[in-house]
Amino acid sequence: MNTVKIIIGSTRPQRFGPQIASWVKGIADEAATANGNTRFELVDLAEVNLPLFDEAIPPMMNQPANEHTKKWAGIVAEADGYIFVTPEYNHSTSAALKNAIDYLIYEWAHKPVAFASYGSQAGGTRAVEHLRAIAGELKLYDLRDQVMISNYWAQLDEKGQFVPTPEQGDAVKAMVEAIMFWTEAMKAPRQKLASQQ
Ligand SMILES: Cc1cc2nc3c(=O)[nH]c(=O)nc-3n(C[C@H](O)[C@H](O)[C@H](O)COP(=O)(O)O)c2cc1C
């Protein structure tokens, strides 16, 4: 069984990120039932509650000292793939997501990552472009299929709930199929590559 963790990349009160993440997870769970080989799990960075990166020894030395680093390393290591749910803050991803990424290196390596982004007109695409560059450095393999929600506030009902279009749902399905495929495909090579870190 493969595990894909859906990481909610914003942490502020009344953020929108959890709505996108829950929507993605709902579609992912349906696809996982049909696939039979993958489980999806939500990870909320607000709950993980990491301080600003505070390890004295850089992660490439693999000697974490702090309990919160070890706990976060365990959460990330358990997964075989990831979906980053990212807002766009000033044409990039959130500080919270970048901070959480920076804590680790080896736990991310040789696993696929897909992106669901949201924002104003550009739908978070600039955040994702930055994340793709960061992924390369961590040997995280970024997938082409992505979900991009522009001006989500125009798609909220009277209760403030996001109402996706069928096309947006199709984009999630394609991304979920891609992450399930590559999670499985990368598993054996990852074990081989682990010795070459
Ligand atoms: C600090 C900050 C910077 C932002 N910069 C951008 C931006 O550059 N591009 C954009 O499309 N939206 C931008 N926005 C709008 C966010 O996309 C929108 O507020 C979104 O709800 C943020 O995600 P969150 O609710 O999960 O925190 C910004 C919002 C904040 C709080």
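Strands β3 (residues 81-87) and β4 (residues 111-119) pair in the parallel sense, over six bridges. This is a predicted model.

Now take in the whole sheet. Five strands form an open sheet, with parallel pairing, in the order β2-β1-β3-β4-β5. Which strands stand at the edges? They are β2 (38-44) and β5 (140-150). Each has a single partner strand, so one side of each is left without a neighbour in the sheet. On average, neighbouring strands are turned by 20° against each other, direction ignored.

Next comes the nonpolar core. In soluble globular proteins, nonpolar side chains tend to be buried together. Here the largest nonpolar core has 47 residues. Ile-6, Val-24, Ile-83, Phe-84 and Val-85 have the most contacts inside it. Helix α6 (residues 166-193) gives the largest share of this core, seven residues.

Look at Ile-6 in more detail. Leaving out residues up to four places away in sequence, Ile-6 touches Ala-21, Val-24, Lys-25, Phe-40, Glu-41, Leu-42, Val-43, Ile-83 and Val-85.

Last, turn to the ligand. How many residues are around the ligand? There are 13, and Ser-10, Arg-15, Pro-87, Gly-119 and Ser-120 come nearest. By class, this shell has six polar, four nonpolar and three charged residues.

Terms used:
Residues numbered from 1 in each chain as written. Predicted model: local features only at pLDDT ≥ 70, side-chain atom pairs only at ≥ 80, totals over all residues. Near = placed C-beta within 6 Å. Nonpolar A, V, L, I, M, F, W, Y, C, P; charged D, E, K, R; others polar. Core = buried A, V, L, I, M, F, W, Y, C linked by C-beta atoms within 7 Å. Buried ≥ 20, exposed ≤ 12 C-beta atoms within 10 Å, placed from the backbone. Helix = DSSP H or I, 4+ residues; strand = E, 2+ residues; numbered from the N terminus. Contact = placed C-beta atoms within 7 Å. Pairing = 2+ DSSP bridges. Axes fitted to C-alpha atoms, helices over the stretch in contact; angles between N-to-C directions.
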